[in-house]
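Notebook open, structure loaded. I'll jot things down in the order I look them up.

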Amino acid sequence: MNTLSSFQREVCRRFSESGEKGWFRSLFVHKVDARKDAHSNLLSKTETSSLFKMQFHNVKPECLDAYNKLEVEVQNKLHRDQDYPCEVVGSWNTWYGEQDQAVHLWRYRGGYPALTECLDKLNNNKEYKEFRQERAKMLISRQNQLLLEFSFWNEPLPRPGPSIYEMRSYRLKVTRGNMARAIKYRQENNEAVGGFFSQIGDLYVVHHLWAYKDLQSREETRNSAWLKEGWDSTVYYTVPLIRSMESRIMIPTQSSPLQ
């Protein structure tokens, strides 16, 4: 039995032995000051006013190539047009997870007013309306969420590749700061790309975005975290907050600023 497996088993043992009593105690580990602001304002970056939109498009399998080409064309036009206060942070196709799926992350600098301005202009843009009609023929379903950035995560900036991306999505029982502790253990290899939490859409959802050279480096990086002092307790107090979790491995599209 290797050291890593034993270490992970020990964390699992602590969960099973502590049960509900240990979970109840974990709620009182830190003193919480009286709230003086909206919860989202306490968690998000105060120096920026960016709003993010995450789009999930499930594409007909036979249409995926045509869909990607159409999205690239429209995204490039929006980037060049300074009248639209929006930009694509990243675009991907899901490799492992939901198949034939496209994921897009948009940034609106200026928050909700920028979002409203952009939507108003697009609704009056004949070319964009034609694009949406053509895209609709290729889709099975679509979903979006409006997100804010966590204050303790990196700003998602363009990066060269090649990389694979993992988006780990957590549906939480409550929103708490325990996840903030985890990021300090995962900064050594520049794999942390961005962290977001939902404001509109499916609520109490958190997305962590990571970049890796390949699946093997992902495995080695994640395993190395278990060898760092404090990681086990971070997991111990975080796991009980989670209702469900999902991992997507994604490949950047040709036009994605995150490569």
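Started at helix α3 (residues 64-80), where I found Lys77 and Glu73 both sitting, four residues apart, about one turn of the helix. They form a salt bridge, with the closest N and O atoms 3.6 Å apart. My salt-bridge criterion is a side-chain nitrogen of Lys or Arg within 4 Å of a carboxyl oxygen of Asp or Glu. Helices (H or I, at least four residues) and strands (E, at least two) are DSSP runs, numbered from the N terminus.

Checked the cover on that pair. Lys77 is partly exposed at 32% relative accessible area, and Glu73 is partly exposed at 44%. For the record, buried means under 20% relative accessible area, exposed over 50%, and partly exposed in between (1.4 Å probe, protein chains only).

Caveats, before I go on. This is a predicted model, where local features need pLDDT of at least 70 and side-chain atom pairs count only at pLDDT 80 or more, while totals for chains, interfaces and linings use all residues. Residues are numbered from 1 along each chain as its sequence is written, and side-chain values use heavy atoms, with hydrogens and water left out.

Next, the overall fold. I have eight helices and eight strands in the protein chain, and 46% of its 259 residues count as buried. The strands make a closed barrel of eight, in the order β1-β3-β2-β8-β5-β7-β6-β4, with antiparallel pairing. Neighbouring strands in this sheet are turned by 35 degrees against each other on average, direction ignored. I call two strands paired if DSSP finds at least two bridges between them. Axes are lines fitted to C-alpha atoms, for helices over the stretch in contact, and angles run from 0 to 180 degrees between N-to-C directions.

Walked along β3 (residues 101-109). Eight of its nine residues are buried. With β1 (residues 50-59) it pairs antiparallel over nine bridges, and Leu51 has Tyr108 as its bridge partner there. β2 and β3 pair antiparallel over six bridges, with Asn93 partnered to Ala102 in β3.

Moved over to β5 (residues 164-172), which eight bridges join to antiparallel β7 (residues 205-212). α7 packs on the sheet here, touching β2 (87-96), β5, β7 and β8 (242-252), and its direction makes about 50 degrees with that of β5. Contact means heavy atoms within 4.5 Å.

Which residues does Glu166 bridge to? I get Arg168, with closest N and O atoms 2.8 Å apart, and Arg218, at 2.9 Å. The second pair links distant parts of the chain, Arg218 in helix α7 and Glu166 in strand β5, 52 residues apart. Glu166 is buried at 0% relative accessibility, Arg168 is buried at 10%, and Arg218 is buried too. Arg168 also has His208 in β7 as its bridge partner.

The structure holds 12 salt bridges. I also noted a network of them linking Glu87, Arg107, Arg109 and Glu155.

Last stop, the surface. Trp95, Tyr96, Leu215 and Ile251 form a nonpolar patch with about 360 Å² of accessible area together. Areas come from the Shrake-Rupley method with a 1.4 Å probe; for residues, only the protein chains shown count as cover. Patches are made of residues with over 30% relative accessible area and no salt bridge: like charges are joined within 9 Å, nonpolar side chains (Val, Leu, Ile, Met, Phe, Trp, Tyr) within 5 Å. Leu215 belongs to helix α7 (residues 215-225) and is partly exposed at 35%.
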